[in-house]
Amino acid sequence: DVNEILDDINVDFFKIEKSNSDIQLNFPNKAEEEGYSYFGGFLGRKSQKEQLTVVDNNFVKDENFVSSQWLDSKNTGGLNYPKKSLIQDMKRMEKIFEDFHRESNDGLHRRKNITKDLTKLLNTEFGDKYEKKLLQSFARARTIFRMRYIINRVFKETLRSKQHKIQRSYS
């Protein structure tokens, strides 16, 4: 059920654990797994070199592509189902993103050309497999996702402190 999946959405979208030098992306709930499939469909459309997505996997029934209940329910003919290999590579891209921003205080560096620098780093790892446009889209989207997460966290903290001040002034 779509409503159950949407109720499970967690703010921390990507969680990574290392095991035996292998990168594993843990999905604490179904919503995050489905969101990753959605993000993969978005990225896969950027490729001109290779077909990384298919519009309706229920019709095609190709084992190389992800099957997703949430995409099935949301799809009115335009959502893309990504290849499973793209999802695996996105896990590695996510690890590179996390390592790239590891030194920052809140998980996102603030400097000029941050997405360009990340794209260059991704290009050294995936340049032979994916086009630069796809790698740029990943870097830009993940940076925006992280900015949105930071803004929401700060807003919640600010709102909580304002409520606390109001309660102290009236008590």
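You're looking at a predicted model, where local features need pLDDT of at least 70 and side-chain atom pairs count only at pLDDT 80 or more, while totals for chains, interfaces and linings use all residues. Residues are numbered from 1 along each chain as its sequence is written, and side-chain values use heavy atoms, leaving out hydrogens and water.

**Overall build**
- The protein has seven helices and four strands (DSSP runs numbered from the N terminus: H or I of at least four residues for helices, E of at least two for strands).
- Follow the sequence along and you get α-β-β-α-β-α-α-β-α-α-α.

- Of the 171 residues, 37% are buried, meaning under 20% relative accessible area with a 1.4 Å probe, counting protein chains only.

**Where H6 meets H7**
- The axes of H6 (residues 114-126) and H7 (residues 132-170) come within 9 Å and cross at roughly 135°; axes are lines fitted to C-alpha atoms over the stretch in contact, with angles running from 0 to 180 degrees between N-to-C directions.
- On the H6 side, the residues in contact (heavy atoms within 4.5 Å) include Leu-118, Leu-122 and Phe-126, and their partners in H7 include Leu-135, Phe-138 and Ala-139.

Technical notes
Buried means under 20% relative accessible area, exposed over 50%, partly exposed in between (1.4 Å probe, protein chains only).
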